[in-house]
Amino acid sequence: SLHSPTLVRPGCEPGNTQTACFDDYEHLGTGAFHTCAIRKSGELYCFGGNKYGQLGLGWSATDESETSRVPGSQTWSAVAGGNSYSCALTAGTTKELWCWGLNYDGELGIPSVAAVYTPTRVPVAAPGGWSALALGRHHGCAIRDDGTLWCWGGNAYGELGARPGEAHDAAHPVALLRVPR
């Protein structure tokens with residue numbers, strides 16, 4: 001069976017025993033097929049399905065059962081998982097929005113790409129940076145430090161804050177506007 005009837009403790013380095021597992025995780029984001037977590041150091045680790053690069057480790061048709069550090073010099077403060085994609089906020093003063101994985105409905109907030117396999121900065125201005133992040137199946141939303149709510153991706157059910165048909169999918173983050181009823 002592929003299901004575990006007992007709790008499993010991810011975060012152990014390959015070959016180590018349970019006593020050599022990481023014990024300093026602070027933030028967690030789960031997607032449909034994968035999981036990512038941030039350690040106290042700001043390092044990002046991911047595991048699970050990687051068919052569309054949602055682990056940020058580069059493209060691989062192989063699932064990653066071992067917890068792997070996402071490469072790069074960034075430190076992270078928040079992470080979230082969507083269907084086959086992930087997004088995270090950098091730590092420090094910049095607090096940038098980065099996404100990677102499948103871009104089926106513009107859920108990466110990065111226009112004109114089908115997928116990206118490593119963390120890529122979302123090209124949208126955010127004076128003061130971002131303070132919170134949440135992802136759905138094919139859309140994402142984030143709150144800027146100025147308190148404004150921004151969303152991107154699919155709008156089939158009105159998940160961008162507009163009635164279906166009144167707003168198209170948004171391939172880059174847009175300020176959430178209330179549509180008159």
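Modeller: Two strands pair if DSSP finds at least two bridges between them. Strands (E, at least two residues) are DSSP runs, numbered from the N terminus. This is a predicted model, where local features need pLDDT of at least 70, side-chain atom pairs count only at pLDDT 80 or more, and totals for chains, interfaces and linings use all residues. Residues are numbered from 1 along each chain as its sequence is written, and side-chain values use heavy atoms, with hydrogens and water left out.

Biologist: How many bridges join β1 and β2?

Modeller: Five, in the antiparallel sense; β2 covers residues 34–39. Tyr-25 stands opposite Arg-39 in β2.

Biologist: Is Val-124 buried or exposed?

Modeller: Buried means under 20% relative accessible area, exposed over 50%, partly exposed in between (1.4 Å probe, protein chains only). Val-124 has 15% relative accessibility, so Val-124 counts as buried. Val-124 sits in the loop between β8 (115–121) and β9 (130–135).

Biologist: Which residues does Val-124 contact, leaving aside neighbours within four places in sequence?

Modeller: Contact means heavy atoms within 4.5 Å. Val-124 touches Trp-130, Trp-150 and Pro-173. Pro-173 is 49 residues from Val-124 in sequence, yet their C-alpha atoms are 6.9 Å apart.

Note on methods: Helix = DSSP H or I, 4+ residues; strand = E, 2+ residues; numbered from the N terminus.
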